[in-house]
Amino acid sequence: MALPGRKLIVVSNREPYRLKGGRLERTVGGLAAALDPVMRASGGVWITSGVKGRGDISSRIAVPPEDPSYVMRKVPITEEDMDGFYNGYSNRFLWPLCHITLDRVRFKRSYWASYGKVNRLFAGAVIDESSGDPAVLLQDYHLAMCALSIRASLPDALISLFWHIPWPPYAVFRICPHRRELLEGLLANDLIGFQLDAFKTNFIRCAQEELGARFDPEKDALLRNGRATVLKTLPVSIDFEWFDSAARSGEARAFISGFLKDRGLQGATLGISVNRLDYTKGLIKCLDSIEVFFDKYPGYRGKVVFLHIAVPTRKAEPYKSYRERVRKRVAAINKSLSTGRWRPVEYIDADFSHKELAALYGAARFIIVSSVYDGMNLVAKEYIASQTGLAGCALVSEFAGSSEDIPGVTPINPYDAEGCADAINGALTSAPAERKRSLRLAREHIRRNDIYKWAGDLLRELERARWQNISSRTSKRSKRR
Ligand code: G6P
């Protein structure tokens with residue numbers, strides 16, 4: 001899968017593995033889940049962050065622990081820089097800006113200073129790991145300024161950045177005080193990947209308005225200062241076969257029967273939602289829909305239980321307060337609706353292993369993905385891949401990329417609680433043949449467009465993007481002659 005003669009270097013803020021109880025475990029979230037299988041297959045180095053003085057940040061660790069196939073290298077970052085870079089610029093500014101939750105956007109100049117500094121530290125580690133000209137896969141909105149510094153030392157490195165979250169329309173992006181610098185930083189990449197065409201179109205408009213860049217539709221590239229940056233829509237995916245076989249395994253069966261027994265849920269019809277605890281995931285809206293569902297369709301009381309799994313990964317504000325709001329909402333619903341031993345919502349904030357999740361997905365009769373805005377949402381794909389019995393139903397927000405990407409899902413509008421309640425009832429009353437048909441369609445799509453295909457396409461496009469630059473330089477030279 002790697003490019004011949006080039007070392008593969010992935011860079012992301014979130015580490016793919018973390019130490020938990022003395023053991024290395026894969027971290028929660030779409031990004032690590034998507035890229036770990038790729039790195040296992042291709043080898044190379046994954047550069048990530050570590051906070052100085054917190055836990056073990058030994059610089060190079062072979063992972064995964066059971067079958068070491070690549071190296072994880074941590075870049076030591078001070079607590080203060082991390083706060084400005086991650087909690088500040090990345091999560092209090094870029095995240096809400098790109099997800100168009102503008103009342104949550106906070107900006108401080110010190111955030112921007114830390115962001116630049118930490119991006120340069122990441123770039124330094126890339127340069128240090130490089131022997132020759134590497135292929136560098138930068139991941140996400142934390143690293144917009146990285147390519148510029150790498151390019152200064154390694155002009156012939158192949159550099160791409162995949163923007164996992166939405167790119168906002170120009171009218172929203174204009175809020176960013178450093179919009180020119182950010183765009184210039186991004187255009188130092190050979191290739192930028194987006195989840196949906198709409199995000200790519202938004203990006204083109206921003207670069208045209210702010211930098212006067214020219215878009216060449218034939219090359220699919222933005223041209224500026226003699227450089228071409230190719231833009232591609234490449235919806236990210238999952239390791240379909242892995243989830244499919246995990247859900248079929250004896251381990252999954254054993255886990256699920258223990259889980260149901262421990263919680264007294266045998267015989268219940270299960271609904272599920274699985275998220276990082278984040279306001280963009282519309283967790284409160286999802287709970288509102290559940291409440292309306294039991295009000296509108298009281299016949300399901302005592303029979304249907306909703307597993308609301310919300311794993312906190314960001315610990316600073318506004319996430320602390322949001323967690324409290326979610327907890328209170330769950331408690332209020334359970335207080336008003338519970339009867340006897342039945343509780344409508346099982347709220348779980350512990351993280352499950354991916355194998356356990358596959359088992360839970362496989363057992364759930366429906367899933368709700370309630371994001372108010374989402375680049376892709378891989379949970380929808382994981383659920384579908386784990387639905388080996390073809391009995392479930394995926395209710396996916398129209399505002400999550402996955403509802404556009406996957407055929408066969410049922411789109412829902414998380415702002416319309418009654419509509420969502422009706423969709424749940426629809427899922428529970430739909431004919432088995434209809435559910436089978438939809439799931440087959442969705443599964444086939446994800447099977448064909450899995451994470452390996454995504455990574456292969458990304459690397460192929462990256463190599464092509466490089467040729468784009470070389471050929472445009474050559475044709476300019478020959479024109480001059
Ligand atoms: C989600 C997004 C990713 C992002 C990650 C960061 O998974 O889809 O694009 O990188 O969140 O989450 P974290 O918990 O590391 O802040």
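In which loop is the place of aspartate 220?

Reply: Aspartate 220 has its place in the loop between β10 (214-216) and β11 (221-224); helices (H or I, at least four residues) and strands (E, at least two) are DSSP runs numbered from the N terminus. The model is predicted, so local features need pLDDT of at least 70 and side-chain atom pairs pLDDT 80 or more, while totals for chains, interfaces and linings use all residues. Residues are numbered from 1 along each chain as its sequence is written, and side-chain values use heavy atoms, with hydrogens and water left out.

The phi angle of aspartate 220 is near 60°, a positive value in a residue other than glycine. Most residues other than glycine have a negative phi, and most peptide bonds are trans. Two proline sites are also of note in the backbone. Valine 63 is joined to proline 64 by a cis peptide bond with omega near -10°, and proline 64 is found in the loop between β5 (60-63) and β6 (70-77). The bond between glutamate 317 and proline 318 is likewise cis, with omega about 5°; proline 318 sits in the loop between β14 (304-311) and α11 (319-337).

A cavity is a set of points on a 1 Å grid over the protein atoms alone where a 1.4 Å probe fits but cannot get out, and lining residues have an atom within 4 Å of a point. The volume of the largest cavity is about 30 Å³, this being the space filled by probe spheres set on points joined across faces, edges and corners. Helix α2 (residues 79-98) gives the most to its lining, with three residues. Domain 1 (8-236 + 452-476) and domain 2 (240-449) both contribute to that lining, so the cavity lies between them; the domain bounds come from an automatic or database assignment.

The ligand's shell also draws at least three residues from each of domain 1 and domain 2. Of the 11 residues around the ligand (a heavy atom within 4 Å), Arg14, Tyr86, Asp140, Thr313 and Arg314 come nearest. Polar contacts are pairs of N or O atoms within 3.5 Å. An oxygen atom of the ligand lies 2.6 Å from an N or O atom in the side chain of threonine 313. For the side chain of arginine 314, the corresponding distance to a ligand oxygen is 2.7 Å, and a polar side-chain atom of arginine 14 is 2.7 Å from a ligand oxygen. Taken alone, the ligand exposes 390 Å², of which the protein buries 91% (Shrake-Rupley method, 1.4 Å probe).

Notes. Polar contact = N/O pair within 3.5 Å; in protein donor to acceptor, adjacent residues only side chain to side chain. 1 Å grid on protein atoms, 1.4 Å probe; cavity = no way out; pocket = protein on both sides within 12 Å on 5 of 7 lines; lining within 4 Å.
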